[in-house]
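This briefing is for a reader new to the structure. Please look over the sequence and the model before reading the points below.

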Amino acid sequence: MEKTLVLIKPDGVQRGLIGTIIERLEKRGLRLVAAKFMQVSPELAKKHYAVHEGKAFYPALIDFIISAPVMAMVWTGPDAIAAVRQTVGKTRGTEADPGTIRQDFALQARYNLVHASDSPETAEAEIGLWFKPEELVDWKRCTEDWMYE
Ligand code: CMP
């Protein structure tokens, strides 16, 4: 089963949306396997967003991600990467589909509440960047017998 990195960004933390965002993922049927509430260092921020270096929004993005704590998590489940991104919605709140976190709670691009890995390769690299292997918990939700084929 796929694993994916999910960050509740500083705007989600400051706006008191940690519980709401986790609830959406839990109710979708995904399984939380790691979580830590943390202040992001500039070094980690730059590594995480290295792919965006050079883009016009990059400096403000780095300042934003280190501006307040984040809730970093790993979630798993069948097609977890696509499932999480579907629940989160498109980058810009005004382009996100109805029922998504970003359409319900965001308007623009930078303050979009959540980061979610976009491919299996990215997920593996991002999980390795944010978590040690021993921080991932091996368990199963009782709901999975009624949800996972
Ligand atoms: P995220 O999924 O974390 O990946 C890169 C982030 O850059 C993105 O969410 C937004 O927070 C931010 N971002 C992407 N495009 C723009 C943009 N056009 N202007 C400002 N920020 C952006």
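A residue counts as buried when its relative accessible area is under 20%, and as exposed when that value is over 50%. The model shown is predicted.

**Helix α4**
- Helix α4 spans residues 58–65, and its buried residues are Tyr58, Leu61, Ile62, Phe64 and Ile65.
- Viewed down the axis of α4, these buried residues fall within an arc of 160°, so they line one face of the helix.
- An α-helix has 3.6 residues a turn, so residues three or four places apart point the same way.
- Among the elements that cover the buried residues of α4 are α1 (10–14), α3 (42–48) and β3 (70–77).

**The largest pocket**
- The largest pocket holds about 530 Å³ of space.
- Its lining has 23 residues, and those closest to the centre of the pocket are Tyr49, His52, Thr91, Asn112 and His115.
- At least two lining residues come from each of α5 (80–88), β4 (114–116) and α7 (120–130).
- β4 gives the largest share of the lining, three residues.
- By type, the lining consists of eight nonpolar, eight polar and seven charged residues.

**Aspartate 79**
- Aspartate 79 sits in the loop between β3 and α5.
- The relative accessibility of aspartate 79 is 55%, so this residue counts as exposed.
- Between aspartate 79 and glutamate 43 there are 36 residues of separation in sequence and 30 Å in space, C-alpha to C-alpha.

Definitions and conventions:
Residues numbered from 1 in each chain as written. Predicted model: local features only at pLDDT ≥ 70, side-chain atom pairs only at ≥ 80, totals over all residues. Heavy atoms only, no water. 1 Å grid on protein atoms, 1.4 Å probe; cavity = no way out; pocket = protein on both sides within 12 Å on 5 of 7 lines; lining within 4 Å. Points joined across faces, edges and corners; volume = space filled by probe spheres on them. Helix = DSSP H or I, 4+ residues; strand = E, 2+ residues; numbered from the N terminus. Nonpolar A, V, L, I, M, F, W, Y, C, P; charged D, E, K, R; others polar. Buried < 20%, exposed > 50% of the residue type's maximum accessible area, 1.4 Å probe, protein only. Arc of directions from axis to C-beta. Contact = heavy atoms within 4.5 Å.
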